[in-house]
Every structure is written in structure tokens, then in C-alpha cells.
Amino acid sequence: MAHAATHDHHDAHHGAPSNFFTRWFMSTNHKDIGTLYLIFSLTAFFIGGSFAMVIRAELFKPGMQLVQPYFFNEMTTMHALVMIFGAIMPAFVGLGNWMIPLMIGAPDMALPRMNNLSFWILPFAFVLLLSTLFLPGGAPAGGWTMYPPLSLQSGSLAYAVFAIHLMGISSIMGAINIIATILNMRAPGMDLLKMPVFVWSWLITAFLLIAVMPVLAGAVTMLLTDKYFGTSFFNAAGGGDPVLYQHIFWFFGHPEVYIMILPAFGIISEIVPTFSRKPIFGYKAMVFAIAAIAFLSFIVWAHHMFAVGLPLGAEIFFMYATMLISVPTGIKVFNWVSTMWGGSLTFETPMLFAIAFIILFTIGGFSGLMLALVPADFQYHDTYFVVAHFHYVLVTGAAFAIMAATYYWLPKWTGQMYSEFWGKVHFWCSVIFVNVLFFPQHFLGLAGMPRRIPDYNVAFADFNMISSIGGFLFGASQLIFAGVVIHCAFFSKKKAADRVWEGARGLEWTVPSPAPHHTFELPPVIHDDELAHGHVED
Amino acid sequence: MGQQQGAYFVPVKSYWPIVAAVVMFLTVFGAAHWLNAEPGETGFGKTVITVGFIGILLMFFGWFRSVINESLAGKYDAQVDRSFRMGMMWFIFSEVMFFGAFFGALFYTRMFSVPWLGGEGHGVLTHQFLWGDYAAAWGAGGGNGPGNIGGNFQTVAPWGLPLLNTLILLTSSVTVTIAHHALKAGHRGKVLVFLGLTVLLGAVFVYAQAHEYMEAYHELNLTLHSGVYGSTFFMLTGFHGLHVTLGTIMLAIIWLRVLAGHFSRDHHFGFEAVAWYWHFVDVVWLGLFMFVYIL
Ligand SMILES: [Cu+2]
């Protein structure tokens, strides 16, 4: 067996400490910190989700019903910031924290105290960000991209900027930790090309994080000095240019969207082989495709700015570079499908979410390809088509993958099985209502409905009402998710086996369920047939 | 104290991370409150910043002290050492990217936005309709944009103080390397001399930079408000100067630690990390000297 004895206490520090404060506030344990991240993420998911409910309620019918326009803009801005920096990214970091050491046979993260700091910065950053809702200046309302000069009018810009600085510091430290863990803590025999694809995806994501979070910090610092210290970075009268901000922001922003999807690719690459009872098709191609996507993410940023008046050469370059991304992404989709092909499939909840991911993320990818075409983008830019596009990649992409991962590993974390019935109810509600919610938005956008506006032409009424109904029901469906998770953690009677899923491979399934507080205190002996991808041939 | 767990070192729980999160929050919360306060009611924000900042200093002191004690107790094996090294290398990489944002802003304004405002390329209509009498130029007489924001100014001549500062930093990179070799050879006296020299050179650099700022403000009318020239000049040199200041403090602490005999010939990661950091600020300066001062 690969797992070492896990409860040989030498002193009181070894087991799970009973003191609540020391356990959760001073933790150096990757599992506890991972749990903190995941709880934080779920909380932010519901906070950001409630903002989305306000947006959909106001858009339920044309005219102004419920909220003031400024508050509506605060909601769109805060919804994005909370979901991106509070829900999606911390969820992936939490999953990485929990699973990477288990998957590579490491006792913990490489830098466990910094790991704790990475997490604990986040709640404070969000206190700072959310407090702006109650301050005289109001919350940031110029969109999460914070384009100047609009964002410079926000009274509480400094709070948002400092909150972003804190989140950036947290992300960079988290990423450094993950890279050091993967490169330095692998059990002997766990070669780089034997690592699970999830670990690979996080290695590359961590590199992206370290490369671009400082750039975002620089961009918002320039906003701060432009507003409060009289600099002219984004002021044309002083020789600057508001478009400069967009360049710097999207140099961060495009890799950022891959930061939110590459770990999802990794998750899907773990789940699909398990429930297909087949090794992943084209392991090396999968790893290479992730690396290629990461590389391309640095040279496509201006596709967010086609309508801003770029020189023609730039438009053409960024158009073709963007379309190129569909090649490695296509490789991934084909490889997932090929993994399923001829496998003996079963459809437990994680697999259902994974399959929905593959289909719906691909739809989001195709609408992205449409947006990449410069002439077409002139029409689509800043319409609901864009909103539909990025919600297909972020909700049915990133969020669905996180839910898939939760169902997949929850029994390993808690030692108990979740309710498969309620998991499936949650899945079917989610997958139906998310399409009711976002699919009509494609049509709204193609018909010209602008995003980020609280009122609209009566011609858009029907689709908006459908979309809002889908939104309310999708939001309500997520309460089932919370219920399933809470039930599994505290009330489920059904014990989980060590190898929770019949077809599951990888070191994480060789430790008991629930995973003991400390695992792999001695490096496991690696047998290739135990590994998720240990059979890879050269 | 951490302990060996099986084959690995896993540090025990520590309250420093949560303390760090709290004091970081206090600092930025105080700063945000201070920036947003009405004129005349800045007391609260400033107090909070001060408390937070002192807290950060104490936190660094306490956290590093506990790490140093663990290191001296011989708890850190080669694997921990490698993790620390990776952590420092990737931290420096993140700093490179941070400076990259500001260098990007510099290149963009010089290559694109200022010439476009002057009517070059596809900026021709902007120029004609908005800024008809603006002649694009970088530096004096144009670098602060068509609005002449901040008024006429002169630039800092590169071959005076900046050249001297370049030589100072280059020399300091050499002295720190000599000190490193001396440390590996076990000559503590030599380490102290050359590391001390490095600290001194760092301090002289900071002093000269402060002097240059005074001159810029008082005699050249080159300020942070001098359009995008002043913005890029002061933000780039300012962040760099801040890094030199931090680096100098770090070097000084390492000097004290050498004096206290914390480092051995083959176990001195703290020294090396600070030396890497020092080379990094040196390289950034070469970029600044080239693109901010000379060109
Ligand atoms: Cu993009």
C-alpha cells in the first residue's frame, strides 16, 4: 500500500488540534487550509450570486423597477469581482491545497505558514471590498475592469484598489506555494510526466498567476495615483492614454480567464477517465495543450479592445492569435471525448457535471471564436452576447468543474458519501436552468442589447424575462448544492470507501476516507498502476 | 518550533500569518480611509495606518525571528532549503512583472500615446480636433502632454547623479558577490567588510536619489504632476528607490546576522536570498538608467 501509517503521534502537535482557534486560524495543514478556502469560496458564491439575483430582478422587465441605476452598476461590478476573486479563484486554490499534496505523495504544501497567510488575507480583502457598499462613496460601479476615466469617478476607488492589492498578494503567495510544492515535494518516483493532469494544470496556472497578478497590481496602482496623487497615466491632456490602462489590464485579464479555466481542465481530465474506466486519451497532448494555451494567453489580450480604435495591424494580429487558441483547446475537447469513447461509462454526479462541462464549455468556446473575429466583434462588443459567452465559460465551465470536483472528492474529504439522488437533482436543475438563464442572452446580444444597462428596449422583454426566470431558478438550485454538501459533511450515514470510485486511479485514493489529518509522512512507494497516468509511455 | 514528521519537516502552527493578515488589512484600510477623507479629518485613517505599519514591522521581526531560530536549531533540511529558494526566486519574478507594468506604461506613452497626440499615425484626427498646436516630444517641452500639465519642466541630466548612482549600484553588486564568495570560503571578516560596503553603497544610492528628487522638485519643476513624463519618471524611480531602501535594510540585517554567526559556509540561504534581491534591483536600475534617463 502506498499510504504510510498516519497516526503515530510523537507529540501533541501531530493530530488534529482540538482548540478551534489554533486549528483554523493558525493552521499549517493543507487540508484545513483547503477546507477554509472552499468554505470561503462557497460563501462568496452565494454573496456574488445574490448580487446577480438583483441584476436579473431589475432586468425581469423593461423600465426601472427595483433599484437605482447607480446601484445596478454597483451590482454588476461587485458581482464580477466577488465571483472572480472570491468564488472561482479561491475554490481552485482550495482544491489545489487539498488535492495536490495527496496526488503527488507530499506530506503538505512546501511553505505551510505562507499558505495560511495566503488564505487569511482573503477574508480581510473582501471585508474591504464589500464595505464599500455601505460607505458614502458607494461601491465601485464602473465594471470589474475598472476602466478609467469612469472608474476614477468612484468615491471609494482606494478601497477597491487596496482590496485588489491584497487579493493579488494572496494569489501570488498561493501560486508560489503550489509551484514549490509540485517541483520540490513530489514523492520519489512521481516524475513530472506521471503527475495527474490536475497537478499539471495547477503548475501552469500558478505560473500564470505569478506572471500577471503583479501586472494587475501595477495597473490599479496607476489608477490610484491618477485619482489621488495627480499622475497622468490615463489622462490624454498629460500625454497619457485611457487605452493604456486597457492594455495593461487585459495583459493581466486574458491570462486571468485561463487562471479560471486551466484548473477546470485538470479536474475534468481526472473525472472523465475515472467514470469511463479508461486512462486518459493523449496524456502528453493534454499537458502540452495546457502549456500552449498558457503561452498564447500572453499574446491575445487586445481582443478585448477591438472596438477601442486599435491600429489595423494590431487588430489582425490579435484576431489570428486568438483564433489559434482554439487548436489546443480543441485537442483537449477531442481527447476528453476520445477518453469516453469505448469506455464503460457510468453517470454519477461528478461525471454528469463533467460531461455538461465539455458540451457547454465548448459552446462558450465557439461564441468566443465568434467574438475573436474583428468585424463581427464590432457588432457584438459590449452586448449581451459577450455576457452569454463568458458565462458559458465561467459558470458552465469553471463553476461546473468546481462542482464536479466537489462531488468527486467530497467523500474523500468527509469520509461519507453525498446523496447521489440530491446530487443528480442539483445537476439537472443546474444544467437546465443555466441554459434558460444564459442561452437567450446570445439572442439579446445579437439583437443589440447592451450590457451593464439597467433598462432596455421593450423589444428585448421576452428573452429577458426568460433569462431572469432561469436565473432565479438556477440561483435557487444552488441551495440544493449547499444542502448536499452540508448533509454529506455532517449527517450522511453512508461511509465512503478509500477508493471512492471504482475506476479511480491516483495516490489520493490510496489514503483512508476521510483523509487523515496528516498523510504521506513517509513518501509512498509509487506503483505505476496506482497512478492516474503512470502508464504513460515515452 | 517545527518538527520532523516522518521523512519531512512540517512547521508547527504559528500565529504570525494571522497577525500578518490583520496588520496588512489595518495598513490598507487606514490608507484607503485617509485617501477618501474630507480635507481636515484625516486623523483616524492616519492613526490606523501608523498602527498597521508598526504592526507590519513587528510582524516581520517576530516571524523572521522564529524562522531564524528554527534554522539555527538545525530543523531545516535540504528540501526546506529548496522550497525557500524557489519561493524567493518566484517572488523576484513577480517583482519583475510588477516593474514590467510600469515599464510597459513608459514604452506605450513614448512609442504611441504621445506621438499620437501629436498627430502621428492614426492619431491624426485627435490631434487636429483636440490638440492642434501640440508638438509631440518626450522630456522637456512635450512630455507632460498637450495640456502642459504641471507646467514647463526640465529633465534630470543622465550623466550627473544618475551615472554616479549607476556606478554605485554596479559596484555594490560586485561587493555583495565578493562577500558571498568570502562567506563560502569561510572568511567572516572579509564578509563583514564587503557586505558592510554594500550596505553603505545602498545607503549612498538612496541618499543621492533623494537629493535628485529635491533638485527635480525645486529647480527643474519636474514633479509627479508633470504629465505622463513626471508620472512614469517618479513611479519607476520611486518604486525602484523603495526596493533599494528595502534591500539595504535587508542587507543590514544580514550583516548583523553574519556578525552573530548565523551563517555557515554551506548553509546561508538568507544571505543568498538578499543577494539575489540586490542583483534584481540592480538590473532594474540598468533598465531605468537606459530608458528613463538616457534615451
Ligand atoms: Cu481574452
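Contact here means heavy atoms within 4.5 Å. This is a predicted model, where local features need pLDDT of at least 70, side-chain atom pairs count only at pLDDT 80 or more, and totals for chains, interfaces and linings use all residues. Side-chain values use heavy atoms, with hydrogens and water left out. Two topics are worth a look: how chain A meets chain B, and what surrounds A:Glu348.

**Where the chains meet**

- On the chain A side, 75 residues are in contact with 66 residues of chain B.
- The two chains bury about 5,900 Å² between them, 73% of it on carbon and sulfur atoms; buried area is the accessible area (1.4 Å probe) that two parts lose on being put together, summed over both.

**Around A:Glu348**

- You'll find A:Glu348 in the loop between α11 (326-340) and α12 (349-372) of chain A; helices are DSSP runs (H or I, at least four residues), numbered from the N terminus.
- A:Glu348 is buried yet has no salt bridge, and the nearest side chain of opposite charge, A:Arg277, is 4.5 Å away.
- Buried means under 20% relative accessible area (1.4 Å probe, protein chains only), while for charge Lys and Arg count as positive and Asp and Glu as negative, with His and the chain ends not counted.
- Leaving aside neighbours within four places in sequence, A:Glu348 is in contact with A:Phe275, A:Glu420, A:Lys424 and A:Trp501.

How values were computed:
Residues numbered from 1 in each chain as written. Chains lettered and ligands numbered in written order. Helix = DSSP H or I, 4+ residues; strand = E, 2+ residues; numbered from the N terminus. Buried < 20%, exposed > 50% of the residue type's maximum accessible area, 1.4 Å probe, protein only. Salt bridge = Lys/Arg side-chain N within 4 Å of Asp/Glu carboxyl O.
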